[in-house]
Amino acid sequence: MKTSTKLFLGALLGASLVPASVASLRCDNGLASKGDTILEVEMKCGKPANSSIINPSVDEFGNRVQGAATIENWVYGPQNGMYRYLRFVDGTLVEIDSKRN
């Protein structure tokens with residue numbers, strides 16, 4: 001086997017071991033994509049199997065700290081052994097990851 005073929009196959013194998021960051025998630029009612037709102041994703045994909053909310057930091061007066069954001073993490077799955085992890089920042093989908101557990 002040629003060295004270039006071995007390198008290509010090694011890179012391909014290595015890439016398959018890293019959790020995939022994808023730009024969209026196929027759901028029953030459409031395609032959820034980065035930039036969608038929480039409402040749009042819920043309409044397309046339904047309620048997540050699990051979710052968590054991290055509220056923004058506030059100062060001593062209870063005011064939101066400048067630059068602080070509300071983070072929501074959602075999990076869908078398992079579907080054929082695959083979990084989908086979605087992250088929202090201030091209500092907008094910014095990240096979709098897939099991982100086989």
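1. First, a word on naming: helices (H or I, at least four residues) and strands (E, at least two) are DSSP runs, numbered from the N terminus. What you have here is a predicted model, in which local features need pLDDT of at least 70 and side-chain atom pairs count only at pLDDT 80 or more, while totals for chains, interfaces and linings use all residues. Residues are numbered from 1 along each chain as its sequence is written, and side-chain values use heavy atoms, with hydrogens and water left out.

2. Now the overall layout. The protein has 2 helices and 7 strands, and reading along the sequence gives the pattern α-β-β-β-α-β-β-β-β. Of its 101 residues, 23% are buried (buried means under 20% relative accessible area, exposed over 50%, and partly exposed in between, with a 1.4 Å probe and protein chains only). As for contacts (heavy atoms within 4.5 Å), take those with a separation of 6 or more: residues 24 or more positions apart account for 34% of them.

3. On to the core. A nonpolar core here is a set of buried Ala, Val, Leu, Ile, Met, Phe, Trp, Tyr and Cys residues joined through side-chain atoms within 4.5 Å. The largest one has 12 residues: Leu25, Cys27, Ala32, Ile38, Val41, Cys45, Trp74, Tyr76, Leu86, Phe88, Leu93 and Ile96. At least two residues of this core come from each of β2, α2 (38-45), β5, β6 and β7, and α2 gives the most, with 3 residues. As background, nonpolar side chains tend to be buried together in soluble globular proteins.

4. Setting aside its neighbours within four places in sequence, Leu93 is in contact with Ser33, Lys34, Gly35, Asp36, Val41, Leu86, Arg87 and Phe88. Val41, Leu86 and Phe88 from that list are also members of the largest nonpolar core.

5. Then the aromatics. Rings of Phe, Tyr and Trp (its six-membered ring) pair if their centres lie within 6.5 Å; planes under 30 degrees apart count as stacked, over 60 as edge-to-face and the rest as tilted. The structure holds 3 aromatic pairs. In one of them, the ring centres of Trp74 and Tyr76 are 6.3 Å apart and the planes sit at 65 degrees, so this pair is edge-to-face. Trp74 and Tyr76 are both buried, and together with Phe88 they form one aromatic cluster.

6. Next, the largest pocket. On a 1 Å grid over the protein atoms alone, a cavity is a set of points where a 1.4 Å probe fits but cannot get out, and a pocket is an open set with protein on both sides within 12 Å along at least five of seven lines; lining residues have an atom within 4 Å of a point. Grid points are joined across faces, edges and corners, and a volume is the space filled by probe spheres set on the points. The largest pocket holds about 290 Å³ of space. Its lining is made of Ser24, Leu25, Arg26, Cys27, Asp28, Cys45, Tyr76, Gly77, Gln79, Met82 and Arg84. Two or more lining residues come from each of β2 (24-27), β5 (71-79) and β6 (82-89), with β2 giving the largest share, 4 residues. By class, the lining has 5 nonpolar, 3 polar and 3 charged residues (Ala, Val, Leu, Ile, Met, Phe, Trp, Tyr, Cys and Pro count as nonpolar, Asp, Glu, Lys and Arg as charged, and the others, Gly among them, as polar).

7. Asp28 lies in the loop between β2 and β3 (30-33), and at 79% relative accessibility Asp28 counts as exposed. Asp28 and Lys44 are 16 residues apart along the chain, and their C-alpha atoms are separated by 6.6 Å.

8. Some backbone details to check. The peptide bond from Gly77 to Pro78 is cis, with omega near 5 degrees, and Pro78 lies in strand β5. Asn80, in the loop between β5 and β6, has a positive phi near 55 degrees without being a glycine; Asn80 is exposed, at 70% relative accessible area. Asp90, in the loop between β6 and β7 (92-100), also has a positive phi, near 50 degrees, and is partly exposed at 43%.

9. Last, the segment after β7, where Asn101 sits. Asn101 is exposed, with a relative accessible area of 62%. Neighbours within four places in sequence aside, Asn101 is in contact with Gly81, Tyr83 and Tyr85. Asn101 and Gly81 are 20 residues apart in sequence and 6.5 Å apart in space, C-alpha to C-alpha.
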